[in-house]
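Subject: The structure to look at

Hello,

Here is the structure I promised to pass on. Please have a look at it first, and then read my notes below.

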Amino acid sequence: MNEQDKNENSLREHVMINQFVLAAGCSREQARQILLSAQWQFQSALSIFFQEFSPQGHSHYNQERILPLLSQYKANIKINIIQHICLMVKVVLVVNKLLLEMV
């Protein structure tokens, strides 16, 4: 993994931790540990948190904050996927052009 990939992963993790803290109302360290245990899957981490750490009878804890954040997170994932697809298309076009020039 190169330095740029490490920086992108670090930034992504930082953003996810902040979003998790806002949604769950927990500490940054607790958010980091739960996200790690869920392999950085935001929805899984939220499920873990609310199953294990929410007070009895409070299964809808912070739901008004969670749903908008989850929607925003899903939208960000879709944007990232589209950006990666566009980049892949550009790479294919450049490779095709180079191959045509070689012929």
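Let me start with Ile77, which counts as partly exposed because its relative accessibility is 36%; the cut-offs for that class are 20% and 50%. This is a predicted model, so please read everything here with that in mind. Ile77 sits in helix H4, which spans residues 63-102. On the surface, Ile77 belongs to a nonpolar patch with Ile81, Ile85, Val89 and Leu93. Together, these five residues have about 440 Å² of accessible area.

Now for the chain as a whole. The protein chain has four helices and zero strands, and from the N terminus its elements read α-α-α-α. It has 103 residues, of which 22% count as buried. If you take the contacts between residues at least 6 apart in sequence, 43% of them join residues at least 24 apart.

How many aromatic pairs does the structure hold? There are two. One of them joins Phe20 and Phe42 in an edge-to-face arrangement, with 6.0 Å from centre to centre and 85° between the planes. Phe20 is in helix H1 and Phe42 in helix H3, so this pair ties together parts that are 22 residues apart in sequence.

Phe20 lies in helix H1 and Phe49 in helix H3, so the parts tied together here are 29 residues apart in sequence. Both Phe20 and Phe49 are buried. Through these ring pairs, Phe20, Phe42 and Phe49 are linked into a cluster.

That leads on to helix H3 itself. Its buried residues are Phe42, Ala45, Leu46, Phe49 and Phe50. They cover an arc of only 125° around the axis, which puts them on the same side of H3. Gln51 and Glu52, by contrast, are exposed on the other side of H3.

Finally, helix H2, which covers residues 28-37. Which of its residues are buried? They are Ala31, Ile34 and Leu35. Viewed down the axis of H2, the buried residues fall within an arc of 100°, so they line one face of the helix. Their cover includes helix H1 (3-24) and helix H3 (42-52). Just after H2 comes Gln39, with a positive phi of about 55°.

Happy viewing, and do write back with any questions.

Best wishes

Methods. Residues are numbered from 1 along each chain as its sequence is written. This is a predicted model: local features need pLDDT of at least 70, side-chain atom pairs count only at pLDDT 80 or more; totals for chains, interfaces and linings use all residues. Side-chain values use heavy atoms; hydrogens and water are left out. Helices (H or I, at least four residues) and strands (E, at least two) are DSSP runs, numbered from the N terminus. Buried means under 20% relative accessible area, exposed over 50%, partly exposed in between (1.4 Å probe, protein chains only). Contact means heavy atoms within 4.5 Å. The arc is that of the directions from the helix axis to the C-beta atoms. Patches are made of residues with over 30% relative accessible area and no salt bridge: like charges are joined within 9 Å, nonpolar side chains (Val, Leu, Ile, Met, Phe, Trp, Tyr) within 5 Å. Accessible areas come from the Shrake-Rupley method with a 1.4 Å probe; for residues, only the protein chains shown count as cover. A salt bridge is a side-chain nitrogen of Lys or Arg within 4 Å of a carboxyl oxygen of Asp or Glu. Rings of Phe, Tyr and Trp (its six-membered ring) pair if their centres lie within 6.5 Å; planes under 30 degrees apart count as stacked, over 60 as edge-to-face and the rest as tilted.
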